[in-house]
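Let's take a walk through this one together.

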Amino acid sequence: SAVLVLSLLLGGSSAVLSAARVGAIVTYYAAPLRLFGEISRPGGLPAPDPRARVSPPPPGVGTRCDAPLRLCVGAEWYRFPASFLLPEQTCLSFVRSEFRGILPQPFAAHNGTHALPLHMNELNREEPSRYVPTSACHYLLTLEGSDEARALARGAQWETALRAPMIDAARSPTLTRALWIPWVSARKNAYGSLALMKRVG
């Protein structure tokens, strides 16, 4: 009947669009999971460079860090998947970027989910106490080709330790970045790399 045919057409179209969307997410946006999956393995995080001159931040600056190594994120902070993917002896810190909202912070060491956190607001206002200077970072996650990455390259104190390919959403058409379309998406989309930079100076 016509109803059955229409149901099959709608169901088939929905299944194809869903598969195309899942394919796009896995193919184009999996770089953070690939990168952090790599460094979370034993020996996956490249050893700190002995030439690196890392200075601890002043007391009270930045989120709490009890580990000897600091992995920092700036403009790409929202790509950080989860703390359980951080290697042992490494903590996450934030460096200032063009983002001007409030950033996350770790739970308090005591009564973490019960205690009222300090330096929070409900207006999404920037909280400067979250930031550390880049001189306090052993590693930095950045998008290659971004303003942040270009500024680091000028300083000549960083080198790329690991990278994972990722779509450049700003330079890719909406349709082919939203859906994985065989043969078409690969030709139309532009790609860059999410990079883990290591301090070498």
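Is Arg-41 buried, partly exposed or exposed? With a relative accessible area of 49%, Arg-41 is partly exposed, because the exposed class only begins over 50%. Keep in mind that this is a predicted model.

Arg-41 also has a partner: a salt bridge ties this residue to Glu-38, with the closest N and O atoms 2.8 Å apart. Glu-38 comes out at 33% relative accessibility, so that residue is partly exposed too.

Now look at helix H2, which spans residues 31-40. Its buried residues are Ala-31, Pro-32, Leu-35, Phe-36, Gly-37 and Ile-39. So what covers them? The cover includes four strands: S1 (69-73), S3 (139-143), S4 (158-167) and S5 (191-199).

Glu-144 and Arg-163 meet through their side chains at 2.8 Å, N to O. This pair links distant parts of the chain, with Glu-144 in the loop between S3 and helix H3 (147-155) and Arg-163 in strand S4, 19 residues apart. Glu-144 is partly exposed at 28%, while Arg-163 counts as exposed at 52% relative accessibility.

Next stop is Asp-168, whose side chain meets that of Arg-171 in a salt bridge at 3.0 Å, N to O. Here Asp-168 is partly exposed, with a relative accessible area of 23%, and Arg-171 is exposed at 56%. If you're keeping a tally, the count of salt bridges comes to seven.

Terms used: Residues are numbered from 1 along each chain as its sequence is written. This is a predicted model: local features need pLDDT of at least 70, side-chain atom pairs count only at pLDDT 80 or more; totals for chains, interfaces and linings use all residues. Side-chain values use heavy atoms; hydrogens and water are left out. Buried means under 20% relative accessible area, exposed over 50%, partly exposed in between (1.4 Å probe, protein chains only). Helices (H or I, at least four residues) and strands (E, at least two) are DSSP runs, numbered from the N terminus. Contact means heavy atoms within 4.5 Å. A salt bridge is a side-chain nitrogen of Lys or Arg within 4 Å of a carboxyl oxygen of Asp or Glu.
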